[in-house]
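Here are a few friendly notes to read alongside the model. Take them one at a time, with the structure open beside you.

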Amino acid sequence: MFSMRHWAYITIIFTIALIVVPSLIGVVILLQLAQEITTSQIINALSSVMNSLVVAGLVTIINILVSIPFAWRIARKNDSLSKFLDFILDAPLFVPTAALGFSVLSFWSSGYYSLNLISPGFWLVVLLHFTFTHPYIVRTLIGVIRSTDLSVEVAAKSFGIKRAALSRTIYLPMLKAGIIAGALISFARSISETGATYVVAGPFETGPVFIKNRLSVDPGSAAFAAVSLLLVSIFIFFIIRRISRRRFLPLHPETKIEKMIGLKTAFSINIISLLFFAVMILIPSFYLVAYLSPGATCDWASLTNSLLLSTIIALAVSIIDLFFGIPLAYYLARADSLLRDLVEALVIVPLIVPTVSLGTSLGYFWGSFGLNPVIAIAFAHLSFTFPIFVMSYTAAIESIDPELELVAQSLGADTIKTYREITLQLTKSAIASSAVLVFTRSFGETGATISVAEAMAAEIYTLPLLLVSWIKKAQAGLIPFSTVAIASFITLIIGLLMMAVIKMAGGKRGKYE
Amino acid sequence: MRIVVRNVRKRFGKVVAVDDVSFEVKDGEIFGIIGLSGCGKTTLLKIIAGILRPDSGKIYFDDVDVTNLALEERKIGFVFQDVRLFNHLTAIENIAYAPTLRGEQDREELVDWLMGFIRADLSKSTMPTELSRGMQQKISLARAIASEPNLLLLDEPLAGLDARIKSTMVFELRDMIKDVGVTAIYVTHDQWEISSIADRIAIMKAGKIIQIGTPEELYYRPVNEYVATFMGGECNLLNAYSLGNSQFKIGDLILKGSRNIENGRNVKLAIKLDAFIPNGRFEAKIIERNFMGPFTRLVLDINGIKFIAKMPSKQVFNVDKVFVDIDPNKIVVFER
Amino acid sequence: MNKILEVKNISKRFGNIQALRDVSFDVEKGEFVFIVAHTNAGKSTLLKIIAGILEPDEGEIYIEGENITKTPPWERPVGYMPQTYALFPHMTVLENVMFGPIHRGLDREEAIEKAQKYIELVGLKGWEKAYPHELSGGMQQRVALARVLAVEPKIILLDEPLSALDALLRVKLRGEIKKILKGKTVLWVTHDQEGAMSLADKLIVMRSGRIVAVGNAMELYYKPTSLYVAHFLGEINFIESVAHGGFVQILDTKVSTDKIGPVVIGIRPEDIKIVKNNSSPLGRVKELRFVGGFWRLLVDVEGIDLVVYSLKRIRSKEVSLRIHPEDVLVFDYPPEGIRRAVHLE
């Protein structure tokens, strides 16, 4: 008889055959390509990877410092400001990074109404990366603060321990895992972002920009950089995982400084983190609106074509994710075996690998079969969206009491019926929001798409790729900024619509409580 | 430390959670507060702790008004229903938490003493999560006592423990608290538990205190039917009328009660389950029996009237009827 | 003999933890059987294995003589009610109760009819359209009961059905459940030894994954097979002693025994009588607590602390104690010591 388990096994085979194996073989192809490069090529490639590390590290550290008080406020204070921030917070996530790059560029750097403070280069890249990594850290932290039972604080407070020492001995150690998880996501996102970075980098080259620039002219260097970036990411992921298991510092008496930190200091920290959010994240993310002018026009035909192409790819990818992701998520949430842990690791890996490396290796792999580039791009999108869907839906199933399923089975429903009538009914909104999340990621992705296209030497313009090329043209003075603004604005609106759908689906969750 | 609670009120929206509550806890006393969930006992506890502010009324610690002091300033030792140990610290670090953060020197000695006190032999690296629930709760009590509190607050510390463990731990807790001599307030919904640990008990219902007294007073001298049923878990409540001379008539049965009511008045008798004494003059048929160890719960039929009784098990072995008397001191009389 | 359930040599291991070791017992038709044990003794695991939602490592389960060890849960004639009740939150009371009948092959009309019959039996008529979160804890429990009853199983498995409720409600509902389940075959798992003794036709005591005693409640309470069972079923005094010449002595009472050497004497607090006779041994009252219906005394007699129950308040500082030889239990001295032999976790 066919059961949930059989379905899950089929999915595992699918995952291995279409995601894991192609990526691995792709890496082997890259290694062959990279065999004959010179020392100077190696140094150039490595220094771009180094640049990525510096940017990601700097961005992540500053992000943690400003995000903790910010997330703390939203998670613990249930006022209207918190609710507003909670709603607006993820907005930069739903805007394709290419549009975000344009927006950030036009706020800080060049354009008619911009601040003209910073020209493209290292610092502008750092500022850009703040905008799209900040929501990841804050969102993770809010989740962790809300789900961690911090009621032990009452015990500590009853002993007369003040805020600062309380943070050191209770809050930070308890939230450690969440802080590290947030930092990891921020780091991974920063290190693999391509499209927007390419737009604002100027002469500065991060790893992904280096790969993008070299893929067609110097594939050996690009391949070498892609593999290095991939290895460095995995290495850092495991190092941080290891460190996070260590125990915290031993207890020390409350210091004088800690005793002095009172409500006033906390208040000013709050103000700083709020200001940071407004000036560094929110305004730059949406500044492109300033460039919209009534008379502006653009190449509507290309725009509609790209829009259509991106939508088709994103839709196809979401449907396939859904079909194979649901049973796999169910399996990960409910099974308890060595195979399960192995499968989980296999599913997570594409999530920490920079999409540009993934795209490069997949581009060469599918290119060697002469596959249609659009389908190859869809496969690349599958490989990084599938883990997102599976992880997100696994968490949703894990929040459902397994006893419900066991009782349903004992009442006479087999595993498929139990899933259909109990689990599915209780996780409908999570499926919807996970699917939209995946759609959004595919819709706005640049790095993997660009590298597949370049590796296969194909002229393909998904919406983000079209944006990147238009921005480059605008920077070169070939087309007006207002053209780019229109295109960016349309993508931004689509992104925000997606966000609204997710928030609405999420709001339904409390129905039966 | 003497604790005085005077005319405390607290409302949440339209619900009055604590309604004009006043009582006094003597120095070194274990004071119990009992009531069903939602009776306001947890809110009251939070007000005494300083987690909530009362709408009106005052709290005094040894004549000092602490009503407006925060939790951090009251020096309270809290023991929670859900334990709330610091799971990222070792068991010993938990106990030593308050003395360590205050930078007190003699903490090694104190911890040693407390370890002996809770009769635990913990290694330096034992984490709280490796311990049983009962032991965790003892660590939590030790942690509270190590902070040298003015007042110990225990919020249903034994809820969720196995029945048998609870019945041994309740006496251990009492011994530990009495050894230190700290004033304590103990909150629970379990009447057996509170009788075992508290010196005096306040029984709460709908935000009000209905009666304060020793366990024995609440059990045998309840002020109303609610208290009569609550303390003991079950109680026979029967309509009767007075014949004068402390005599009351129920159906064909004439019983002597604990006090006299004017002849001819309607009354309600609350007959406690342990009021039935063997070798008496009433013939009682046993309709139902539940063996509970030392005692057996019986449903008796005396002259067609049903009574619930608890009698020593060995006195009702293998018999289908017993002869009983009903102890007048255990028949509470309420006027109707 | 009409055996409904036979559990044969069940063992189950989770990683390093041996949850069940060689567990065997029977339940007969119409019997009310209690498994009573401390938390983590493996009693819930056992229920899940019988229900088929966990697989045993070894052993077999038979229902009416048929081996169902490999039968999936949805084909077993077993009703399982978990501790949390696990009501389906997105379904009404009626939908919850008819879930079983529908999946056991009844058509819609029949299923509704059957569900309504059992909703009425548990006293929830009129609540068919309510959702679980709109009901009180006690009502939710009754829905769960109706849902299990509606599949008309050969045996009903209850996992601590009362643990989610207030102490006062617990005593009341204990009797009610027994009434609703009258005539059914029931296997009920709990840590509450008093509740178990008061309702059980048969009691199974487990400790750390093993069955340590089976019998009727009074038998196990008065003639326990081990120190552990004696202690687990109710408060008891244990006194270390030595038997020689066919006797042991406690206070001035001589008890004959066939044991030789170090022994442990067990005596229940209610079996130590306070007497007015001056010739009986005198003890000093160290502590006196009223514990609802009786008094619990701690009496020091010749350096031994004894817990004694008294129905009357004792006002004097000294009391004379009398023990009858037939109330005294004699156990071999356990090699691991008394404390570890009776340890409850």
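1. Leaving out residues up to four places away in sequence, Ile185(B) touches Val25(B), Phe31(B), Ile33(B), Leu45(B), Ile48(B), Leu151(B) and Leu153(B). Here, contact means that C-beta atoms, placed from the backbone, lie within 7 Å.

2. A word on the model and its labels. This is a predicted model, where local features need pLDDT of at least 70 and side-chain atom pairs count only at pLDDT 80 or more, while totals for chains, interfaces and linings use all residues. Residues are numbered from 1 along each chain as its sequence is written, and chains are lettered from A and ligands numbered from 1 in the order in which they are written.

3. Now look at domains, whose bounds come from an automatic or database domain assignment. In chain C, domain 1 covers 3-229 and domain 2 covers 236-341. The centres of these two domains of chain C, taken over C-alpha atoms, are separated by 39 Å.

4. Next, where chains A and C meet: 18 residues of chain A and 22 residues of chain C take part. On the side of chain A, α18(A) gives the largest share, seven residues. Helices are DSSP runs of H or I, at least four residues, numbered from the N terminus.

5. Finally, chains C and B: the contact takes 31 residues from chain C and 32 residues from chain B. Which helix gives the largest share of the side of chain C that touches chain B? That is α6(C), with five residues.

Conventions: Two residues are in contact if their C-beta atoms, placed from the backbone, lie within 7 Å. Helices (H or I, at least four residues) and strands (E, at least two) are DSSP runs, numbered from the N terminus.
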